[in-house]
Amino acid sequence: GGVAISATTATLTDNSITGNSSFRDAYYSSSLGGGVSIYATTATLTNNSIMGNGASLGGGAHIYATTATLIQNSITGNVGGGIYTGVMNTSAGTATTLNHNSITGNTGGGASISADTVTPTNNRIMSNTAKMDWRGEGDGGGASISAITATLINNNITGNTARMGGGLDLSLGDTETHDAARLYNNLFWDNVANANEGSDL
């Protein structure tokens, strides 16, 4: 809707991306990346304001990359989720890193992340609401993470709402000898799970 990039390396720094939308057409069942849509091997977003954008998936930003890094971005008030990051090339090993971002007030969840290694550190993930499907179901209000190794450090995950996992919905892979979830010094508070399953986690 706002920015569409297809490249080996994509870098966005100090931009204001506001009030854009991506819409469905005859060929696609859903719209992607209301504010930002990126297909890249390496994607880096630093100090951007991504606010008030809309799409079916990744209302603020939709990123398909082997390595995605988001630092000091403000991702606020988007519809269809604040951030969606997915896997571009699983054979290469994928990683998503979020540092010092403010992800607040998004509808459709704050962040949906799928990668081999996911590392959110020092983020504010607050007052987001998971997208509900036709059955009224939606998981991971603050963040939904699917990973082999997830390490969360010093995050403030508060006031989010979902069907399950009001604050965080965390799913690991199937290889028990390698999978790991490490959570250090995070604040989970005042999150709500409408199904009474995992208000915070």
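The structure is a predicted model, in which local features need pLDDT of at least 70 and side-chain atom pairs count only at pLDDT 80 or more, while totals for chains, interfaces and linings use all residues. Residues are numbered from 1 along each chain as its sequence is written, and side-chain values use heavy atoms, with hydrogens and water left out.

**Fold and dimensions**
- The protein chain has 0 helices and 20 strands (DSSP runs: H or I of at least four residues for helices, E of at least two for strands, numbered from the N terminus).
- Its radius of gyration is 15 Å, close to the 17 Å from the globule rule for 201 residues, so the chain is as compact as a globular protein of that length (taken over C-alpha atoms; the rule is 2.2 Å times the number of residues to the power 0.38).
- Along the principal axes, the C-alpha atoms fill a box of roughly 35 × 35 × 30 Å.

**Burial**
- Of the 201 residues, 43% count as buried (under 20% relative accessible area, 1.4 Å probe, protein chains only).

**Nonpolar core**
- The largest nonpolar core has 30 residues, and Ile38, Ile63 and Ile145 have the most contacts inside it (a core is a set of buried Ala, Val, Leu, Ile, Met, Phe, Trp, Tyr and Cys residues joined through side-chain atoms within 4.5 Å).
- Strands that each supply at least two residues of this core include β1 (3–13), β3 (36–46) and β5 (61–71).
- Leaving aside residues up to four places away in sequence, Ile63 touches Ile38, Ala43, Leu45, Ala68, Leu70, Tyr84, Thr85 and Gly86 (contact: heavy atoms within 4.5 Å).

Key. Buried < 20%, exposed > 50% of the residue type's maximum accessible area, 1.4 Å probe, protein only.
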